[in-house]
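Biologist: Could you take me through this structure slowly, and tell me each time which value stands behind the word you use?

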Amino acid sequence: GYLRGAWLANSGMAVIDEVRLHLFGADGKRQAIVGRKGKGPAEFTYITSICRTRGDTLVINDQNSRRTAIVTGSGTAVRTFLQDTLGAPPFSGCLDDGTVVLVKMLMKGPGEPTTSRLTRVRLDGTVVNPIGLFDAGTFDMVTQSAPTTVARGQQVYWGDPRTSEIRVFNAVGKLVSIVRSADVGAAITSSEVEQRFRSTIPRNTPEAEVTKRMDRMRSLPHASHWPTYREIHVDPTGQLWVQDYTKVHPSPDGWTLFDAKGVLVGRLVIPAPPAGERPMQVIAFGTNEVLMRRSDADGAAHLTVYPITPVAR
């Protein structure tokens, strides 16, 4: 599932699997397990995200049951609320004042542009204020990139890889800054388009079905240039981490770091995995560490914390 974790105030960690919450102390020892498969109190059907707000309160997205669960840092299930028309929390949706940002995708129809509606709510699901409506475009089958929403501290970040900028809003939805790059992605060639389309079709698909799918994808709009970035993260100090967009996999995973004022600080490059191994995935950045999901030789998933040591040049 979506194996992810959130740091707690005592340097411990709350980790999710498909239907449970695991609480670990700073020494790495598991202290409690909360949840099981089901739709009752302290039960889940398919967890996809977790974030921490004030007092080590945890906000958990139970995707299949369309519920948001609130659990204390000691493992007590406080409440759940139905997501209804407000949407669900993203991978990192918690503000530090005890509120959370929910994202609702408003779709008009197949091939039509999508609007993302961001709403700030209390932990009982009641609305505090809207953040705004954002153009999310249509899903691009070539670049396969999508906008990223991150809530951290008292700010909300909207990163749209179709542009070379990231917009930062305060908790009431006012634009406070823009982090912008002059980088321009390379032009997408027709052969690259065909290759990307073909890669989405399983190899054992009958040729007639392949032709049908290829024709359908060719009829959809796509970008003329490759994006310059893919995802964004924000660490506890308000620093912004921006992931390079890469076309070839596996390849090194590069991240550019900006401070809280949008000033370029440095770079972090995670080496490409050895041949035959899955690449590691960045889950979250801490103050001086990064939480990553990796797979071992048997294919089992692990969450591992690596230190980040600045190097002067």
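Modeller: Let us begin with alanine 272, which lies in the loop between β19 (264-270) and β20 (281-285), and please keep in mind throughout that this is a predicted model.

Biologist: Why is alanine 272 called partly exposed?

Modeller: Its relative accessibility is 34%, and since buried means under 20% and exposed means over 50%, alanine 272 counts as partly exposed. The C-alpha atoms of alanine 272 and serine 251 are separated by 4.7 Å, although these residues are 21 apart along the chain.

Biologist: What makes the peptide bond between histidine 249 and proline 250 cis or trans?

Modeller: Its omega is about 0 degrees, and the bond joining histidine 249 and proline 250 is cis. Proline 250 belongs to the loop between β17 (240-244) and β18 (253-258). In general, most peptide bonds are trans.

Biologist: What is the phi of alanine 42, and where does this residue lie?

Modeller: Alanine 42 has a positive phi of about 60 degrees although it is not a glycine, and this residue lies in the loop between β4 (30-34) and β5. Most residues other than glycine have a negative phi. Aspartate 56, found in the loop between β5 and β6, likewise has a positive phi of about 60 degrees without being a glycine.

Biologist: How do you know whether alanine 42 and aspartate 56 are buried or partly exposed?

Modeller: For aspartate 56 the relative accessible area is 14%, and because buried means under 20%, aspartate 56 is buried. For alanine 42 the relative accessibility is 28%, which falls between the limits of 20% and 50%, so alanine 42 counts as partly exposed.

Biologist: Why are β5 and β8 said to stand at the edges of their sheet?

Modeller: The sheet is an open one of four strands in the order β5-β6-β7-β8, with antiparallel pairing. β5 (47-53) and β8 (77-82) each have a single partner strand, so one side of each is left without a neighbour in the sheet. The twist in this sheet averages 20 degrees from one strand to the next.

Biologist: How do you know that β5 and β6 pair?

Modeller: Two strands pair if there are at least two bridges between them, and β5 and strand β6 (residues 57-62) have six bridges, in the antiparallel sense. Within this pairing, isoleucine 47 stands opposite aspartate 62 in β6.

Biologist: What makes β9 and β11 edge strands?

Modeller: They belong to an open sheet of three strands in the order β9-β10-β11, paired in the antiparallel sense, and β9 (99-107) and β11 each pair on one side only. Nine bridges join β9 to strand β10 (residues 114-122), and the partner of methionine 107 in β10 is threonine 114.

Biologist: Which strands does β14 pair with, and through how many bridges?

Modeller: Strand β14 (residues 165-170) pairs with strand β13 (residues 155-159) over five bridges, in the antiparallel sense, and five bridges also join β14 to strand β15 (residues 175-180), again antiparallel. Tyrosine 157 stands opposite valine 168 in β14, while arginine 167 has isoleucine 178 in β15 as its bridge partner. A hairpin of five residues joins β13 to β14, and in the hairpin of β14 and β15, with four residues between the strands, glycine 173 takes a positive phi near 95 degrees.

Biologist: Why is the aromatic pair of phenylalanine 134 and phenylalanine 169 called edge-to-face?

Modeller: The model has seven aromatic pairs, and in this one the centres are 5.3 Å apart with 80 degrees between the planes. Phenylalanine 134 lies in strand β11 (residues 127-137) and phenylalanine 169 in strand β14, so the pair ties together parts that are 35 residues apart in sequence. With relative accessibility of 9% for phenylalanine 134 and 8% for phenylalanine 169, and buried meaning under 20%, phenylalanine 134 counts as buried, and so does phenylalanine 169.

Biologist: What makes α1 oblique to α2?

Modeller: Helix α1 (residues 190-199) and helix α2 (residues 207-218) pack at an angle of about 125 degrees, with their axes 10 Å apart. Roughly perpendicular covers 65 to 115 degrees and roughly antiparallel begins over 145, so α1 is oblique to α2.

Technical notes: Residues are numbered from 1 along each chain as its sequence is written. This is a predicted model: local features need pLDDT of at least 70, side-chain atom pairs count only at pLDDT 80 or more; totals for chains, interfaces and linings use all residues. Side-chain values use heavy atoms; hydrogens and water are left out. Helices (H or I, at least four residues) and strands (E, at least two) are DSSP runs, numbered from the N terminus. Rings of Phe, Tyr and Trp (its six-membered ring) pair if their centres lie within 6.5 Å; planes under 30 degrees apart count as stacked, over 60 as edge-to-face and the rest as tilted. Buried means under 20% relative accessible area, exposed over 50%, partly exposed in between (1.4 Å probe, protein chains only). Axes are lines fitted to C-alpha atoms, for helices over the stretch in contact, and angles run from 0 to 180 degrees between N-to-C directions. Angles under 35 degrees count as roughly parallel, over 145 as roughly antiparallel, 65 to 115 as roughly perpendicular and the rest as oblique.
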